[in-house]
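Please look through the sequence and the model below before reading on.

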Amino acid sequence: MPAHSSRIYIDGKQVDFTTGSLTKEGGNTASRLNFVIPGENSSMRKYWNKEVTFFLDVSDSTPMFRGFIENLEILDNQAISCRALDILGHLTGLDRAAVTLDESNNVDGMTLGGALIKMIEMANLENKVKTDYLGDTNPVQKIDKIRGRVFILDTITGLLNTIYNTSNPDFPRKNFLKVTDDGTQGQLLFDTESDAENEPSVYIFDYEQNIINFDAQNRKIPTIITVEGSNDARITYKHQSAIEAFGDHSLSVTNSFLKSRAECQDFAQEIFLANLKAKYEYTLASTNGFYLNENDVVSIIDEDTVVDGKFRIIGKTLNFGVGQLSLQLTINKQPPLLSRFLTT
């Protein structure tokens, strides 16, 4: 395992720490940095809401994490446990940012990129949640009329779930929000899920060089699927044996090409079967690959199983501290979605 000399800075000043972890779950969620500062409980308040940067190695030019402290706790040994969130933390959680849209102040007809920028400005977060790199979704989609008090991120992610890139019609891909660092600030930007089947991998894992452990876990398979077509065609499909096996997980989709209840029923069955083929997520513990991120495509070489091939990274957990450094990646194969799953 390569040697690393990790650093944590609060308001630009390096602080000592004993242990830490960085968790990036992806999927439009905030990344979390947890770390423990030894024996400073008398001065814990000075850290509240301060900017935190984490460098995995002293030679890194940009931090692996940049965020703000949102929770402090005194431990039994008088040390301080700190939790920090990246800039998406302003848009998530119980106190997530919300705005009121009305006839005079709204985002009608804007693209998702333009609407997100405006709502961030309306919430007076433009100095905390930077959007210089944001861009727009691919394909671009405009927003219809929305009124009332809405949560910013909930509104955007709800619409992202209806937008698919179909440059490869066999693998429609979702758009998502992620955070990158420009060297001085965290920046939001839109990205499109990688096509793991057809894009080159950026890293190779195998048991001889870097895999410690490789496990599979069940994904949440939609077992109750509501499909709405045109001309009031609508059905709710329930797969009872799958509900008993996997739980009752719901999914709602719209497809205006479907003209009858029978077509909606067939469509729901196709959705269920497609998700069933990709029912596993995998966790990979490794001695390397610490700088990999969400949406990177990696190759797994494991000739003894049927799970080798190319995968897309959807999250990672990095544990670090004195004499400690470990990595766990969450990866999956892209579900074989069909082009006519799209909302039209």
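The residues that line the largest cavity divide into two nonpolar, three polar and four charged, where Ala, Val, Leu, Ile, Met, Phe, Trp, Tyr, Cys and Pro count as nonpolar, Asp, Glu, Lys and Arg as charged, and the others, Gly among them, as polar. This is a predicted model, in which local features need pLDDT of at least 70 and side-chain atom pairs count only at pLDDT 80 or more, while totals for chains, interfaces and linings use all residues. Residues are numbered from 1 along each chain as its sequence is written, and side-chain values use heavy atoms, with hydrogens and water left out.

Rolling a probe the size of a water molecule over the atoms shows where empty space is left. Here the work is done on a 1 Å grid over the protein atoms alone: a cavity is a set of points where a 1.4 Å probe fits but cannot get out, a pocket is an open set with protein on both sides within 12 Å along at least five of seven lines, and lining residues have an atom within 4 Å of a point. Grid points are joined across faces, edges and corners, and a volume is the space filled by probe spheres set on the points.

A search of the whole structure finds one cavity of 30 Å³ or more, and the largest cavity holds about 40 Å³ of space. Its lining is made by K24, E25, G26, L292, N293, E294, I314, G315 and K316, and the largest share of that lining, three residues, comes from strand 20; helices (H or I, at least four residues) and strands (E, at least two) are DSSP runs, numbered from the N terminus.

The second largest pocket contains about 540 Å³ of space. It is lined by 25 residues, of which K24, M64, V179, T180 and N293 are the closest to its centre. By class, the lining of the second largest pocket has eight nonpolar, eight polar and nine charged residues.

The aromatic rings come next. A pair of aromatic rings is described by the distance of the centres and the angle of the planes. Rings of Phe, Tyr and Trp (its six-membered ring) pair if their centres lie within 6.5 Å, and planes under 30 degrees apart count as stacked, over 60 as edge-to-face and the rest as tilted. By this rule the count comes to six aromatic pairs. One of them is the tilted pair of Y237 and F272, at 6.4 Å centre to centre and with 55° between the planes. Because Y237 lies in strand 16 (residues 234-238) and F272 in helix 4 (residues 261-277), this pair ties together parts that are 35 residues apart in sequence. Y237 counts as buried at 9% relative accessibility, as does F272 at 4%; buried means under 20% relative accessible area, exposed over 50%, and partly exposed in between (1.4 Å probe, protein chains only).

Y282 and F311 form an edge-to-face pair, 5.4 Å centre to centre and with 80° between the planes. This pair links distant parts of the chain, with Y282 in strand 18 (residues 280-286) and F311 in strand 20 (residues 309-321), 29 residues apart. Both Y282 and F311 are buried. Elsewhere, F17, F54 and F320 form one aromatic cluster.

Turning to the backbone, most residues other than glycine have a negative phi, and most peptide bonds are trans. The peptide bond from N138 to P139, however, is cis, with omega near 10°, and P139 lies in the loop between helix 1 (112-122) and strand 9 (148-151). D11, although not a glycine, has a positive phi of about 55°; this residue is placed in the loop between strand 1 (7-10) and strand 2 (13-15), where D11 is partly exposed with a relative accessible area of 45%. D232 is likewise not a glycine and has a positive phi of about 65°. The loop between strand 15 (224-228) and strand 16 holds D232, which is exposed, with a relative accessible area of 80%.

Finally, the structure holds zero disulfides, a disulfide being a pair of cysteine sulfur atoms within 2.5 Å. C82 counts as buried at 1% relative accessibility, and C264 counts as buried at 0%.
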